[in-house]
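Let's take a friendly walk through this protein together. Have the sequence and the 3D view open side by side as you read.

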Amino acid sequence: MNLEELLMMESSCDRDEIVDLRALEYVSSYDDHLMCAICHCPFIRPVRLECDHVFCQKCLNSAITTFAAGRDDFTCPTCRTPTRDIYLNVPRLLINMCDDVRVRCPFSSEGCKEIVPRGHVQAHVDKYCGYRLMDCPDTFCDKKTRKKYLSPDGKCMHDLHQCTRCEEEIMEQDYEEHVKELCPSLRTTCPDCQTTVLRKELRDHIETCPEAIHACAASKYGCPVKVKRADLATHEQICPLIAMGPYFEAQNARLDSLELTIRHLQQRNEIFEDGLANIRSTLLDASHALPGHNTETRSGSSGQSGSPGSPRLSGTQAHADNSGATSSSAATTTYLLALHESLREEVGQLSHAITDLDARASMAIMNECLRIKEDMAHTNAAVSSIRMQVQWLMNPRLHQGQRAIGVRGNNGSNGNNETRTGQLGYSTPGPSNAPSSGLLRPRRPSDSGREGTKL
């Protein structure tokens with residue numbers, strides 16, 4: 001089958017699938033080889049390419065339609081092998097393994113608790129699930145209802161009925177459950193004090209009922225006593241585990257810290273074990289290399305000696321070679337262990353040095369911050385003093401401007417008086433334009449001194 005036929009088969013597939021198998025909640029685990037590389041779900045109607053990679057039919061159709069280079073140059077989404085033909089003959093075992101994965105009913109959020117194999121979930125929804133939404137059997141009602149609420153008589157289950165006790169309007173499909181269990185006007189009996197109360201008030205009554213049985217507050221420490229709420233305070237006063245509660249809490253905190261320490265030590269131990277394993281493997285490789293060298297040495301020495309006493313000499317030499325190999329391997333082990341210890345010491349020294357440098361850097365930063373704060377305080381004080389000096393220098397000029405305004409006002413009034421006097425015919429002796437000594441004050445020497453003051 002080529003790519004065009006696969007697309008035509010998918011477009012002509014008119015199967016009404018209510019269940020989206022990719023949106024199901026998978027309960028049981030499955031092998032990674034059963035997972036589609038595109039949708040990462042167990043295969044749904046799998047198909048096979050020429051390179052033997054398997055994909056879901058719908059996923060492969062989406063990959064073909066979105067392939068940018070064109071359908072003639074389509075490549076496998078996994079290995080990028082060019083492919084033109086698609087095969088539907090996938091092993092039946094693969095399909096059965098995918099269909100045997102257990103999933104929850106798609107209406108589990110509505111209350112269905114069924115867990116079925118994925119291959120049977122469609123039949124479960126079509127025939128057995130009571131939480132599937134169905135059209136109302138009444139032709140004049142356009143609402144939907146759960147399958148379990150459908151009336152065998154074919155009447156509408158959305159008609160409202162008024163409860164005779166609480167006068168609340170309830171739909172037909174919920175009326176029976178409301179009357180038997182949910183109606184707040186129903187009366188019930190307290191299981192502890194046998195008092196008859198309203199169902200809606202039962203929970204509040206149980207929380208305050210003096211006859212309710214409660215466990216001791218030290219039950220988490222092992223106290224098995226369960227008494228009435230009225231006697232609970234008396235028991236807690238004499239319970240020894242209540243007094244020992246703070247000690248138990250401290251011990252639990254200590255145990256938690258010890259467990260954390262043990263976990264860290266286990267991690268370090270694993271690191272050390274890995275290092276020792278690497279050292280052992282290195283030593284083993286060296287020991288395997290040494291016997292080969294010794295064998296070549298022994299063969300060379302035996303070829304050179306042709307006397308009758310050569311076997312005994314070769315045995316003595318072999319023993320000496322073995323002892324030499326053992327001593328060399330022991331020396332190598334000692335050297336590697338010493339090197340390991342020296343490296344550990346160097347790492348410890350480096351860690352201490354880094355800690356010391358960190359402390360010194362923190363102290364230097366703190367001192368620099370203090371110095372900068374002091375400089376800022378001095379700068380603020382200098383700015384404040386300059387502001388005060390500028391204000392002090394500006395005050396005389398402000399006073400002088402106010403006096404000048406006052407003098408102009410007085411001159412204007414004197415001119416008016418002289419005009420009136422001339423009109424009346426009076427004359428005064430002396431110069432007429434001489435200013436009055438009381439109008440202008442002589443300038444004080446301090447004023448000129450202030451103007452010449454510099455910062």
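Pro-46 has Cys-56, in S2, as its bridge partner. Strands here are DSSP runs of E with at least two residues, helices are runs of H or I with at least four, and both are numbered from the N terminus; two strands pair if DSSP finds at least two bridges between them. The open sheet has three strands in the order S2-S1-S3, with antiparallel pairing. S2 and S3 (86-87) are the edge strands, each pairing on one side only. Helix H2 packs on this sheet and touches S1, S2 and S3, and its direction makes about 90° with that of S2 (axes are lines fitted to C-alpha atoms, for helices over the stretch in contact, with angles from 0 to 180 degrees between N-to-C directions).

Before going further, a word on what you are looking at. This is a predicted model, in which local features need pLDDT of at least 70, side-chain atom pairs count only at pLDDT 80 or more, and totals for chains, interfaces and linings use all residues. Residues are numbered from 1 along each chain as its sequence is written, and side-chain values use heavy atoms, with hydrogens and water left out.

Now look at the nonpolar core, meaning buried Ala, Val, Leu, Ile, Met, Phe, Trp, Tyr and Cys residues joined through side-chain atoms within 4.5 Å. The largest one has 34 residues, of which Phe-43, Leu-60, Ile-86 and Val-121 touch the most other members. H2 gives the most to this core, with four residues. Contact here means heavy atoms within 4.5 Å.

Charged pairs come next. The structure holds ten salt bridges, each a side-chain nitrogen of Lys or Arg within 4 Å of a carboxyl oxygen of Asp or Glu. In one of them, the side chains of Arg-118 and Asp-99 meet at 3.6 Å, N to O. Arg-118 sits in the loop between S5 (115-117) and H4, while Asp-99 is in helix H3, 19 residues apart. Is Arg-118 buried or exposed? Arg-118 counts as buried because its relative accessibility is 4%, and Asp-99, at 25%, counts as partly exposed. Buried means under 20% relative accessible area, exposed over 50%, and partly exposed in between (1.4 Å probe, protein chains only).
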